Amino acid sequence: MTDCMFCKIAAGEISATVVYEDDDVIAFEDVNPQVPVHTLIIPKQHYANIGDDVPSEVLGKVFSTVKKVAELKGIEENGYRIVANTGDDARQTVHHLHVHVLGGMRLPIRMGPAD
Ligand code: 5GP
Ligand code: ZN
């Protein structure tokens with residue numbers, strides 16, 4: 001997709017701080033981190049989100065990268081949260097499938113009220 005920011009990151013056309021990369025996925029630091037560790041994992045192929053008929057192999061690659069990222073970021077032992085915002089109600093802003101890996105602090109138990 002020519003106008004997709006994350007496709008451009010996957011293609012190396014936009015710079016990002018890369019944490020892990022292989023033929024199928026790339027993990028990079030969120031440009032606007034919400035917690036001390038905030039890394040995004042994306043498949044290099046474009047899918048809008050997890051509801052976009054994503055092949056199970058692609059989902060497997062993305063989710064098996066979570067543990068690698070947690071190890072590389074040093075949060076494997078203390079724990080972390082993964083989030084995949086999907087669609088409008090979830091406030092998905094970048095429409096290329098991505099998983100947030102969040103950690104490096106004790107995270108809040110629950111979400112706040114809707115705004
Ligand atoms: P969403 O709300 O779609 O789940 O999250 C998209 C995330 O991508 C946001 O946390 C935002 O800060 C991050 N983001 C948006 N554009 C860029 C970018 O160009 N580079 C990086 N590294 N992160 C981005
Ligand atoms: Zn894309």
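How many helices and strands are there in the protein chain? There are 2 helices and 5 strands, where helices (H or I, at least four residues) and strands (E, at least two) are DSSP runs numbered from the N terminus. Hello everyone, let me walk you through this one.

A word on the ground rules. This is a predicted model, so local features need pLDDT of at least 70 and side-chain atom pairs count only at pLDDT 80 or more, while totals for chains, interfaces and linings use all residues. Residues are numbered from 1 along each chain as its sequence is written, chains are lettered from A and ligands numbered from 1 in the order in which they are written, and side-chain values use heavy atoms, with hydrogens and water left out.

Now the overall fold. The C-alpha trace spans about 35 × 35 × 30 Å along its principal axes.

What about the inside? Buried residues make up 36% of the 115; buried is under 20% relative accessible area, exposed is over 50%, and partly exposed is in between, with a 1.4 Å probe and protein chains only. In soluble globular proteins, nonpolar side chains tend to be buried together. A nonpolar core, for us, is a set of buried Ala, Val, Leu, Ile, Met, Phe, Trp, Tyr and Cys residues joined through side-chain atoms within 4.5 Å. The largest has 13 residues, and Ala27, Ile41, Val62, Val69, Ile75 and Val101 touch the most other members. Strand E1 (18-21), E2, E3, helix H2 (56-72) and E5 each give two or more residues to this core, and H2 gives the most, with 4. Take valine 62: leaving aside neighbours within four places in sequence, its contacts are Val25, Ile41, Ile42, Pro43 and Val99.

On to the pockets. A pocket is an open set of points on a 1 Å grid over the protein atoms alone, where a 1.4 Å probe fits, with protein on both sides within 12 Å along at least five of seven lines; lining residues have an atom within 4 Å of a point. Volume is the space filled by probe spheres set on the points, which are joined across faces, edges and corners. The largest pocket comes to about 1100 Å³. Its lining has 36 residues, and Gln34, His38, Val83, Asn85 and His100 are the closest to the centre. Helix H1 gives the most to that lining, with 3 residues. By class, the lining holds 19 nonpolar, 11 polar and 6 charged residues. The second largest pocket has about 190 Å³, and residues including Ile75, Tyr80, Arg81 and Met105 line it.

Aspartate 53, in the loop between E3 and H2, has a positive phi near 45 degrees without being a glycine. Is aspartate 53 buried or exposed? Exposed, with a relative accessible area of 75%. Arginine 91, in the loop between E4 and E5, also has a positive phi, about 65 degrees, and is not a glycine.

Definitions and conventions:
Nonpolar A, V, L, I, M, F, W, Y, C, P; charged D, E, K, R; others polar. Contact = heavy atoms within 4.5 Å.
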